[in-house]
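Morning, everyone. I'll take a few minutes on charges and surface patches. Please have the viewer open.

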Amino acid sequence: MDSATVTSLETSTGTTTLRRVDAANGTVTVSNGHAEKNTKTFAIKKYRHVTAVHSESRPSTLSHDARALPSFLGFRNLMVIVLVVGNLRLVIENMQKYGNLICITCHDFRRQDVILGFLLYILVPCHLFIAYSFEWYAAKQARISRAQSISKGGSTSPTEEQQAKFESKWRSIRRAHLLNATLALAIHSWVVYFHIHHPLIGTITELHVIIVYMKVVSYALTNRDLRHAYLHPVKGELALLPELYAQCPYPQNITMDNLTYFWWAPTLVYQPVYPRSEKIRWVFVLKRLGEVVCLSVFIWFCSAQYAAPVLWNSLDKIEHLDLLSIVERLLKLSTISLVIWLAGFFAMFQSGLNALAEIMRFGDRSFYDDWWNSAGLGDYWRLWNKPVYQFMKRHVFSPLIGRGWSMGSASVAVFFVSAVLHELLVGIPTKNIIGVAFMGMMVQIPLIWITRVFEKMKGPNGRLIGNCIFWVSFTILGQPFAALIYFYAWQAKYGSVAKRMAVLHPQHMSH
């Protein structure tokens, strides 16, 4: 290089020094940046190997005492590449080993399953309208009681006689609602268990049953409190009602239109009024529905081509209690089960519920928060499925706290209710109520207590450890383990394991 100019900026103890090296002219110009008279020029003949490379004490970049936390964006990119390459290898290995397992016509949808599933889809919501008939009668009686109270110049505060009368009527209505909700859950679950063979159709039907059951409960409990405030409009109780409810006060909300909207609204919590969007964006709806279709096909492909072979190859290992091989199957299943679960989560909570919310002009689209950053299991259960979390908090947790329960006891009660519903959702369609889903939910309680310790730790390390515990329990100990157990239980009852047992032990199977 014939000529070059190098400029460096050095800062020390509040002063700035500009150093310009002109190799062509062999000069060095030093300026303190304050005045032209402070500029000095030195002549140099050639470069000397005396540069102070080590001029200050500095820690290593990855040391805990580093001055600034480095970015790990490159490592993130590396992990993505490793995951893609690793899973691409598994794709190639899978195709070489099993060939194409995708078969559109190879299904086990019995005609009876399809017909019963369709009939239940129509009949299950009838329990919501039965609940409406109870509330219509209660609202009619409330209007009469309110008119009589006003005509008699009654106090705005309930007397003991009025309170006792209200409680008596509520007990009758509560029994009717309880019977209706219990029948909705019991009768339809019985039909699914004994008469719908295919697990997929049974799961969709049972999920619908549980959703309607929770909506019936919320509709009854919310209107009970609205009715109480209407009959006894004391200042303190009216102040507890949200301002939003003034747009449709009780009993004006007891209408078929109001109930029908709640039936289709993407929420499990009843309100007389919801925040609404101005219009329906049909392009947005079509995009979200397209995502649902594409992700559903993707889930079906992954389940048939990748998850099914792993599950089939696990049957012999489970039957012989080969623990090392079972662990290997769990680890192999964990990747594909996580991919399927994430695709299902996005399809339901991001695409499906947003499409439904747009059609219903439902304004509150906060169906989940950033659960993937959860510092513990407690954060996860509060963030990933907000419709269920809001139902449990509003109708189970908060009422128990109001009755004097401790937060720990109320939390155990919430997880108990959730565990029962999870066992019904998984055990009924698979015809195996074996308690695995129930215990899986109840085990969350000690895990929440353990990760709560790390959540309270100062600094990022606590949240990092808690997040790692969450992902390990979620991806390895949770879903893959449950999938293996229920798949084996299904095969032991209806599939290849049952046939093999019938051949080896016909005398036991005949009983």
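**Salt bridges and patches**

E291 and R288 sit three residues apart in helix α8 (residues 282-319), about one turn of the helix. Keep in mind that this is a predicted model. The two side chains form a salt bridge, with the closest N and O atoms 2.7 Å apart. R288 is buried at 12% relative accessibility. E291 is partly exposed, at 23%.

How many salt bridges does the structure hold? Nine. Another one joins E328 and R329, at 2.8 Å, N to O. R329 is buried at 9% relative accessibility, while E328 is partly exposed at 38%.

Next, K386 and D369. Their closest N and O atoms are 3.1 Å apart, and they form a salt bridge. K386 lies in helix α11 (residues 386-402) and D369 in the loop between α9 (323-360) and α10 (377-383), so this pair ties together parts 17 residues apart in sequence. K386 counts as buried, at 14%. D369 is partly exposed, at 29%.

There is also a network of salt bridges, linking R281, E358 and R365.

Now the surface. R171, R174, R175 and R403 gather there in a patch of positive charge. R175 lies in helix α4 (residues 160-195). R175 is exposed, with a relative accessible area of 52%.

There is a nonpolar surface patch too, of about 760 Å². Its members are L62, L69, F72, F75, L78, M79 and V82. Find L62 in the loop between β4 (40-43) and α1 (73-98). L62 is exposed, at 65% relative accessibility.

Last, cysteines. The disulfide count is zero. C248 is buried at 15%, and C468 is partly exposed at 41%.

Notes. Residues numbered from 1 in each chain as written. Predicted model: local features only at pLDDT ≥ 70, side-chain atom pairs only at ≥ 80, totals over all residues. Heavy atoms only, no water. Patch = residues over 30% accessible without salt bridge, like charges linked within 9 Å, V, L, I, M, F, W, Y side chains within 5 Å. Areas by Shrake-Rupley, 256 points an atom, 1.4 Å probe, with all protein chains shown as cover. Salt bridge = Lys/Arg side-chain N within 4 Å of Asp/Glu carboxyl O. Lys, Arg positive; Asp, Glu negative; His and termini not counted. Charge placed at Lys NZ, Arg CZ, Asp CG, Glu CD. Helix = DSSP H or I, 4+ residues; strand = E, 2+ residues; numbered from the N terminus. Buried < 20%, exposed > 50% of the residue type's maximum accessible area, 1.4 Å probe, protein only. Disulfide = S-S within 2.5 Å.
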